[in-house]
Amino acid sequence: MAHKAGFVNIIGNPNVGKSTLMNAFIGEKLSIITSKAQTTRHRILGIVNGEDFQMVLSDTPGIIKPAYEMQESMMQFVKSAFEDADVLIYMVEIGEKELKDEAFFKRIIHSEIPVLLLLNKIDKSNQQQLEEQVNLWKEKVPNAEIFAISALENFNVKEVFERIISLLPESPPYYPKDTLTDKPERFFVNETIREKILINYDKEIPYAVEVETEEFIEDDNIIRIRSIIMVERDTQKGIIIGHKGAALKRVGMQAREDLEKFFGKQIHIELFVKVSKDWRSNAFQLRRLGYNQK
């Protein structure tokens, strides 16, 4: 049987379940999943290998109207997802009626590649609502195949996966068959810490934070990690640290537990907090952190 391989890019509004779907396909937690919007900031590749196929999945930031430089960069990652896709997955959730950017929507309905529209979170709907939503999206995106799914409950995920494989072009693999992702270990350390910040802090704090791992030293039985949590203001630094360092300690403990599962080794992690004024609007800082690709 001929080998198939291709790029499958997932786009949609914030918080519709794109990361949950990709992690369900891969069986590993590569993308941040929280109840807060805009948790994914980069374009993250996850690779699923079978004997006769390789599916290169791309999780992208949720589509928004950018308010500052970092969000502009996030939308560049989404635009790039149109350029190399062999299959495009457009994810919506029950109750949703439009994409937040009309230009992206036009690109979807005029796409010349296969489009799968996944109507997610159907576990939160009834039959009548589901039928209404399916009819709405059939009219809005006539070029798409529609699947009703629950990524969280794993409902219809296998059917979507098999349909994607059938749509992949014949091709040798793009990556070695034992590759899980294109991102380095430090990226997943940063994302795990950032996820814990999203879970533990409210309001603007999680969105004003970036994480950089300065040291990642791996021995036979232990990985020693030193990471910097970057904030925009001194007041944010105080909130992150908390009374007598308790809040920061909680983030470190939660991140360590997840990273030990991810790497299968004991983890020693040190966290420090640093102020970098208005880093989200600083072009130099954003380039250094892997955002601006211009």
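Which residues does Glu232 touch, not counting residues up to four places away in sequence? Hold that thought for a second, everyone, and thanks for coming. One reminder before we look: this is a predicted model.

So, the reply. Glu232 touches Ala208, Val275, Ser276, Lys277, Asp278, Trp279 and Arg280, with residues up to four places away in sequence left out of the list. As for where to find this glutamate on your screens, look in the loop between strand 8 and helix 7, the latter being residues 234–241. And is Glu232 buried or exposed? Its relative accessibility is 6%, and buried means under 20%, so Glu232 counts as buried.

Three strands make up an open sheet, in the order 7-8-9, and the pairing is mixed. The edges are strand 7, residues 210–218, and strand 9, residues 266–275, each of which pairs on one side only. From one strand to the next, the twist averages 20°. If you follow strand 8, residues 222–231, you will see that it pairs with strand 9 in the parallel sense over 10 bridges.

Helix 6, residues 185–200, lies across strand 7, strand 8 and strand 9, and runs at about 130° to strand 7. Helix 8, residues 246–263, also lies across strand 7, strand 8 and strand 9, and its direction is at about 140° to strand 9.

Next, a helix pair. Two packed helices are described by the angle between their axes and the distance between those axes. Here, helix 1, residues 18–26, packs against helix 5, residues 157–167, at an angle of about 75°, with the axes 11 Å apart. Angles of 65 to 115 degrees count as roughly perpendicular, so that is the description for helix 1 and helix 5. Helix 1 brings Leu21, Ala24 and Phe25 to the contact, while helix 5 brings Val157, Val160, Phe161 and Ile164.

Last stop, Lys124. You will find Lys124 in the loop between strand 5, residues 115–120, and helix 4, residues 127–140. Lys124 is exposed, because its relative accessible area is 64% and the cut-off is over 50%. Lys124 and Ile94 are 30 residues apart in sequence, and their C-alpha atoms are 7.5 Å apart in space.

That's my tour; happy to chat!

Definitions and conventions. Residues are numbered from 1 along each chain as its sequence is written. This is a predicted model: local features need pLDDT of at least 70, side-chain atom pairs count only at pLDDT 80 or more; totals for chains, interfaces and linings use all residues. Side-chain values use heavy atoms; hydrogens and water are left out. Helices (H or I, at least four residues) and strands (E, at least two) are DSSP runs, numbered from the N terminus. Buried means under 20% relative accessible area, exposed over 50%, partly exposed in between (1.4 Å probe, protein chains only). Two strands pair if DSSP finds at least two bridges between them. Axes are lines fitted to C-alpha atoms, for helices over the stretch in contact, and angles run from 0 to 180 degrees between N-to-C directions. Contact means heavy atoms within 4.5 Å. Angles under 35 degrees count as roughly parallel, over 145 as roughly antiparallel, 65 to 115 as roughly perpendicular and the rest as oblique.
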